[in-house]
Amino acid sequence: MASIRHEVVIDASPDHIWDVLRDVGAVHERLLPGRVEDTRLDGDQRFLTFPDGHVIRELIVAIDDDARRLAYAVVEGARPPLAHHHASFEVRPEGEGAGRLIWITDVLPDARAAEVGLRMRYGAAEMKQAIEATSRH
């Protein structure tokens, strides 16, 4: 199984970064506006709708406020198609008034790791921009 790790420093407090990430029903408004058109929750499942109409169904595995960690799995609609997808976000303090977002994703088949890694890199840049735009410092 391929494990992909991407880290990005965000110019916002760790509390603010975590507040945005843990708001699992507002991905389209707070985390990836423009990239995600709509977010719908149904119990522990999250449905992300993209501008082209594509829907990804995820399972919210865990939200740990003490550790500032969110774990989720894509269970349907992954792009590229995957046999397995599990990911987590973790927020840690980084210097004065900033935070480090750590995004780890495990995928099968291994051959998809490069493409998933590229999507993570672009996604993390978009998340950074959205979070910093709403930071109050």
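Reader: Which side chain has a polar atom 3.5 Å from the backbone nitrogen of Val27?

Author: That is the side chain of Thr39. A polar contact is a pair of N or O atoms within 3.5 Å; within protein, one must be able to donate a hydrogen and the other to accept it, and residues adjacent in sequence count only if both atoms are side-chain atoms. The side chain of Thr39 also makes a polar contact of 3.0 Å with that of His28. This is a predicted model, where local features need pLDDT of at least 70, side-chain atom pairs count only at pLDDT 80 or more, and totals for chains, interfaces and linings use all residues. Residues are numbered from 1 along each chain as its sequence is written, and side-chain values use heavy atoms, with hydrogens and water left out.

Reader: Is Thr39 buried or exposed?

Author: Buried means under 20% relative accessible area, exposed over 50%, partly exposed in between (1.4 Å probe, protein chains only). Thr39 counts as buried because its relative accessibility is 10%. In the protein chain, 40% of the 137 residues are buried.

Reader: Which residues does Thr39 touch?

Author: Contact means heavy atoms within 4.5 Å. Leaving out residues up to four places away in sequence, Thr39 touches Val24, Gly25, Ala26, Val27, His28, Arg46, Phe47 and Leu48.

Reader: Where does Thr39 lie among the strands?

Author: Helices (H or I, at least four residues) and strands (E, at least two) are DSSP runs, numbered from the N terminus. Thr39 lies in strand β2, residues 38-42. The protein chain has three helices and seven strands, in the order β-α-α-β-β-β-β-β-β-α.
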